[in-house]
Amino acid sequence: MNTKIAASVLSADFSHLADELRRLQSTDIIHLDLMDGHFVPNLSFGYPLVSCIRSLTEKPLDAHLMVTNPESYVEPLAKIGIQWLSFHQETVYHSHRLVQEIKAHKIKAGIALNPATAIATLDAILPELDFVLVMSVNPGYSAQSFIPSAIDKIRSLARIRESQKLNFQIEVDGGVNGGNCAAIRAAGADILVSASHIFGSQDYDLAINTLKGI
Ligand code: DX5
Ligand code: ZN
């Protein structure tokens, strides 16, 4: 399967958002980092901006919730019209219930794992998931350095997927760049998230193709 790229608008120039989105022709997905200042020490944006982005692009929208009460975000985001939604394993008691609720809205459901959270915490729910979001930085900011132990985590997840004949996709988020993308793809990642590598370059499509390895 070809690697997909999810461009994270966190590093986009919000004062020229329409232009920024137009320059992302080669991206497969638009990744939206919602932060609440509680689960992570940063605030990003909320529903008004997500709605605005929805009206500016037809690409699938992938909301990554870095918030303490992800349950309350599902309905409003479903109304706006997103296609992918992940919440952090560290933020919920009832992950199974929340995954079912997301899927009931016909949205792909994923769970994100902080760098220090073990894959084993997902053992019982992996068969229900459309994707796992492997954090390769501590969430909260773009332009941080890739944490190398994420490679082992991706490899382990890919092995589990194969041995248990599961279908979840593996999305990797944080510090992805031209220097490490080949190793991340080789470890078994299906979707690479990127903010600073794309928005810090002159030619976004070229930066995206570099991440895809084409
Ligand atoms: C980090 C966010 C990431 C971030 C990635 O908390 O979840 O999606 O935007 O930024 P880069 O690609 O610059 O590490
Ligand atoms: Zn993210």
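Thr 117 is found in the loop between β5 and β6 of this predicted model. Thr 117 is buried, with a relative accessible area of 12%. This residue counts as buried because the cut-off for that class is under 20% relative accessible area. Leaving aside neighbours within four places in sequence, Thr 117 is in contact with Gln 89, Glu 90 and Lys 153. One of these contacts is polar: the side chains of Thr 117 and Glu 90 meet at 2.5 Å. Val 74 stands 43 residues from Thr 117 in sequence. In space, 23 Å separates the C-alpha atoms of Thr 117 and Val 74.

The strands form a closed arrangement. Eight of them make a barrel, in the order β1-β2-β3-β4-β5-β6-β7-β8, with parallel pairing. On average, neighbouring strands of this sheet are turned by 25 degrees against each other, direction ignored. Strands of a sheet pair through backbone hydrogen bonds, either parallel or antiparallel. Strand β1 (residues 4-8) and strand β8 (residues 191-194) pair in the parallel sense, over four bridges. Along this pair, Lys 4 stands opposite Ile 191. Ile 5 faces Leu 192 of β8 in the same way, standing opposite to it. Strand β1 is also joined to β2, by three bridges, and these two strands run parallel. Here Ala 7 stands opposite Ile 30 in β2. Strand β1 is mostly covered, with four of its five residues buried.

Strand β4 (residues 84-88) is mostly covered too: five of its five residues are buried. Trp 84, Ser 86 and His 88 point one way from the strand. Leu 85 and Phe 87 point the other way. Both sets are buried. Strands β3 and β4 pair in the parallel sense over four bridges. Within this pair, Leu 65 stands opposite Phe 87.

Ile 111 has its place in strand β5. At 0% relative accessibility, Ile 111 counts as buried. Not counting residues up to four places away in sequence, Ile 111 touches Ser 86, Phe 87, His 88, Gln 89, Ser 95, Val 99, Leu 122, Ile 125, Leu 129, Phe 131, Val 132 and Leu 133. Asp 130 is 19 residues from Ile 111 in sequence and 8.9 Å from it in space, C-alpha to C-alpha.

In soluble globular proteins, nonpolar side chains tend to be buried together. The largest nonpolar core has 62 residues, of which Leu 77 and Val 172 touch the most other members. Helix α5 (residues 150-163) supplies the largest share of this core, six residues. A second, separate core holds 10 residues, including Ala 6, Trp 84, Phe 131 and Ile 191. Beyond its neighbours within four places in sequence, Leu 77 is in contact with Leu 34, Tyr 47, Val 50, Ala 63, Leu 65, Ile 82 and Leu 85. Helix α2 (residues 47-56) lies across β2 (29-35) and β3 (61-66). Helix α2 runs at about 175 degrees to β2.

Helix α5 has 14 residues. From first C-alpha to last, α5 reaches 20 Å, close to the 20 Å expected at 1.5 Å a residue. The buried residues of α5 are Ala 150, Ile 151, Lys 153, Ile 154, Leu 157, Ala 158, Ile 160 and Arg 161. An α-helix has 3.6 residues a turn, so residues three or four places apart point the same way. The cover over the buried residues of α5 includes strands β5 (108-113), β6 (131-135) and β7 (169-173), together with helix α6 (181-187). Just after α5, Lys 165 takes a positive phi of about 55 degrees.

His 197 is found in helix α7 (residues 196-199). A polar atom of the His 197 side chain lies 3.2 Å from the backbone oxygen of Ala 207. Leaving aside neighbours within four places in sequence, His 197 is in contact with Val 176, Asn 177, Gly 178, Ala 207, Thr 210 and Leu 211.

Methods. Residues are numbered from 1 along each chain as its sequence is written. Chains are lettered from A and ligands numbered from 1 in the order in which they are written. This is a predicted model: local features need pLDDT of at least 70, side-chain atom pairs count only at pLDDT 80 or more; totals for chains, interfaces and linings use all residues. Side-chain values use heavy atoms; hydrogens and water are left out. Two strands pair if DSSP finds at least two bridges between them. Axes are lines fitted to C-alpha atoms, for helices over the stretch in contact, and angles run from 0 to 180 degrees between N-to-C directions. Contact means heavy atoms within 4.5 Å. A nonpolar core is a set of buried Ala, Val, Leu, Ile, Met, Phe, Trp, Tyr and Cys residues joined through side-chain atoms within 4.5 Å. Buried means under 20% relative accessible area, exposed over 50%, partly exposed in between (1.4 Å probe, protein chains only). A polar contact is a pair of N or O atoms within 3.5 Å; within protein, one must be able to donate a hydrogen and the other to accept it, and residues adjacent in sequence count only if both atoms are side-chain atoms. The expected span of a helix is 1.5 Å times one less than its number of residues.
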